[in-house]
Amino acid sequence: VSAAVNAAAKLDVFSVLAIQFPQGATLPQLSCALGGILCLNADRSFPMFTHLPHVLRHGELPPGNFNLLARSFPFARYTSLGDLGGSSGCLACCVAAAHPHLTATTYDLAPVHAAAERHVRAQGLEGRVQVVDYDFFSPAAVPGRHDVIALGMVLHDWGLPRKMQLLRKAYAALPPGGALIAIDHLVDCRRAGSPLQLGMSLTMLLEFGAAESAFDYSYEEFCGWVREVGFSSTQLIDLVGTAKAAVAYK
């Protein structure tokens, strides 16, 4: 919450709202005043600006985060990836395409199953990437056996209790020597030099509400959480723009 409020202050959101609504605003008024530009920034502008340093240096957009992860993480020594909250299966397909020895499973809720199967078929990976319906907050353990578990843009959706729940579930699913990969736009540890990430943190708070208190996090926070869960070591992998892969080894 503190990161989200800090981001709102840096963006001068409170001053603008105070001028427009001196007596306070209803939720519909706020949606009307801010919704359009926030939606535009979230869907189009924010992702593009994460590529700015690479575009300025190289004159073109970089490879996607998942393709870069597939090249940067040592998947050669692993055999199976389970992507929790995998949506359309992009991460699972990127990794499987880059590492023919490896199988992958993308897990998500039933409403996205058909879209994930279409994407897997379009990549020609039907035999190596499975699509499985699974609620990662259910009491049930992760159905498959994997030596790598991924959480791609998942942890930042939740408050600390649910973050810890997901980390514990991943730890329980992995064998000794297995790895957890959390992909997010990590903030700096002092929360002083990460305006894009803090903006994303504010977006998470607005989307999920104060009851959840979702927030983006730092690598230092991630290291503390995974040590508490039982992981033995960590690694940070730079991806595109502000995106990072925080890795924990069991």
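**Aromatic contacts and an enclosed cavity**

In this predicted model, Lys 163 lies over the face of Phe 215, at a distance of 3.8 Å from the centre of the ring.

Contacts between aromatic rings were examined next. A pair of aromatic rings is described by the distance of the centres and the angle of the planes. With centres required to lie within 6.5 Å of each other, the count comes to 9 aromatic pairs. One of these pairs is formed by Phe 73 and Phe 75, whose centres are 4.7 Å apart and whose planes stand at 65° to each other, an arrangement that is edge-to-face. Because residues with a relative accessible area under 20% are classed as buried, Phe 73 counts as buried at 3%, and Phe 75 is likewise buried, with a relative accessible area of 1%.

Phe 73 also forms an aromatic pair with Tyr 249, and here the rings are stacked, with 6.4 Å from centre to centre and 10° between the planes. Phe 73 lies in the loop between α5 (65-72) and β1 (80-84), whereas Tyr 249 belongs to strand β7 (residues 243-249), so the pair ties together parts of the chain that are 176 residues apart in sequence. Tyr 249 is itself buried, with a relative accessible area of 11%. Taken together, ring pairs link Phe 73, Phe 75, Tyr 78 and Tyr 249 into a cluster.

Rolling a probe the size of a water molecule over the atoms shows where empty space is left. The structure holds 1 cavity of 30 Å³ or more, and about 30 Å³ of space lies in the largest cavity. The elements that give two or more residues to the lining of this largest cavity are strand β2 (103-108), helix α7 (113-122) and strand β3 (129-133). Residues of the lining include Thr 106, Tyr 107 and Asp 108, together with His 113 and Ala 116, and also Val 131, Val 132 and Asp 133. Ser 87, Leu 109 and Val 112 are likewise among the residues that line the largest cavity. By class, the lining of the largest cavity has 6 nonpolar residues, 3 polar residues and 2 charged residues.

Conventions
Residues numbered from 1 in each chain as written. Predicted model: local features only at pLDDT ≥ 70, side-chain atom pairs only at ≥ 80, totals over all residues. Heavy atoms only, no water. Phe/Tyr/Trp six-rings, centres within 6.5 Å; stacked < 30°, edge-to-face > 60°. Buried < 20%, exposed > 50% of the residue type's maximum accessible area, 1.4 Å probe, protein only. Helix = DSSP H or I, 4+ residues; strand = E, 2+ residues; numbered from the N terminus. Lys NZ or Arg CZ within 6 Å of the ring centre and 35° of its normal. 1 Å grid on protein atoms, 1.4 Å probe; cavity = no way out; pocket = protein on both sides within 12 Å on 5 of 7 lines; lining within 4 Å. Points joined across faces, edges and corners; volume = space filled by probe spheres on them. Nonpolar A, V, L, I, M, F, W, Y, C, P; charged D, E, K, R; others polar.
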